[in-house]
Structures are given as C-alpha cells and as structure tokens.
Amino acid sequence: MKTVNVQFFENIAPMVYHTLSQNFTEGLKERIRSQSRLSQVNGDADATFEGVITGYDITPAAVEAGSDRAALNRLTITVKVKYTNRLDETGESSFEQSFSQFREFSGNVQGQEETINREIIQLLTEDIYNRAFANW
C-alpha cells in the first residue's frame with residue numbers, strides 16, 4: 001500500500017460545532033501522515049477513508065449534591081467511517097463502523113470546547129488508524 005485518500009467528513013449531527021468537520025478531517029490526515037509512509041492523494045488511492053460525523057452531544061455526567069445542576073458534563077463525538085482497502089481482494093480488511101469518544105468537563109463548555117474537541121479528535125483518529133492499519 002502506497003496511497004491513501006481521506007475524504008471530507010461532513011457533520012450531520014443535530015448539534016453542530018462549526019469547525020468540527022474540518023478539524024476532524026485534518027486530524028485524520030495528520031495521524032496518517034505522522035504514523036505511516038502513505039502518500040495522500042485526491043482521487044483513486046490504495047485505501048480510502050470516508051464518512052460523516054453523526055453525533056456531537058453534551059450530557060450531564062454527574063449531578064451536584066443537593067441540586068439539579070450538573071457538576072460534570074460529558075462531550076461525546078461519534079463518527080461513522082467507511083474504510084476501503086482496494087488492494088485486499090477478499091475485502092476482509094475493509095470496514096464500515098462508528099467510533100465514539102468522550103471527554104468530561106466541569107463548568108461552561110464555551111471556554112473549553114475547542115480544547116475538548118481537539119482531545120477527542122486525537123482519540124478518535126487513533127482508534128480509526130489502529131482499526132485500519134493494525135494488521136500491517
């Protein structure tokens with residue numbers, strides 16, 4: 001395998017963070033660039049990553065004692081990925097799978113959202129990279 005094509009991951013989650021699609025797509029490209037010798041190309045490639053961001057959710061993870069307020073919140077991002085390995089004629093190494101990761105935080109999300117997103121993207125791209133290339 002010599003080439004890979006990472007297509008743009010559109011954000012179709014009901015709750016949208018405006019730079020998530022771009023940041024996730026670039027994060028996956030950077031993960032592949034830094035951990036492999038694959039050349040990234042547009043168009044036909046030996047391997048292709050495509051998909052959509054299906055979930056961006058903030059939910060309470062812990063409630064403050066004696067109140068209904070959240071002491072801890074959880075930001076979860078879910079990505080549906082289709083990986084195609086064109087060199088594997090059996091198709092066994094190709095997959096279509098959803099990946100989710102989360103980070104918990106306290107306080108208001110606005111001041112922390114970019115940092116939390118970056119951390120979650122790192123976890124997601126690691127999971128996706130390992131799933132695609134673990135058997136090399």
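Asp44 is exposed, with a relative accessible area of 67% (exposed means over 50% relative accessible area, buried under 20% and partly exposed in between, with a 1.4 Å probe and protein chains only). The model is predicted, so local features need pLDDT of at least 70 and side-chain atom pairs count only at pLDDT 80 or more, while totals for chains, interfaces and linings use all residues. Residues are numbered from 1 along each chain as its sequence is written, and side-chain values use heavy atoms, with hydrogens and water left out.

Salt bridges were examined next. The search of the whole structure finds seven salt bridges (a side-chain nitrogen of Lys or Arg within 4 Å of a carboxyl oxygen of Asp or Glu). Asp44 takes part in one of them, with Arg86 as its partner. The N to O distance in this pair is 3.8 Å. Helices (H or I, at least four residues) and strands (E, at least two) are DSSP runs, numbered from the N terminus. Arg86 is partly exposed, at 48% relative accessibility.

Glu104 and Arg74 form another salt bridge. Their closest N and O atoms are 2.4 Å apart. This pair links distant parts of the chain, with Glu104 in strand 6 and Arg74 in strand 5, 30 residues apart. Glu104 is partly exposed, with a relative accessible area of 37%. Arg74 is partly exposed as well, at 28% relative accessibility.

A further salt bridge joins the side chains of Lys29 and Glu26, at 3.8 Å from N to O. Both residues belong to helix 1. They are three residues apart there, which means a separation of about one helical turn. Glu26 counts as partly exposed, with a relative accessibility of 33%.

Helix 1 spans residues 20-35 and also holds Ser21. Ser21 is buried, with a relative accessible area of 9%. A polar atom of the Ser21 side chain lies 3.0 Å from the backbone oxygen of Phe9. Phe9 is also among the residues in contact with Ser21 once neighbours within four places in sequence are left aside (contact means heavy atoms within 4.5 Å).

Note on methods. Polar contact = N/O pair within 3.5 Å; in protein donor to acceptor, adjacent residues only side chain to side chain.
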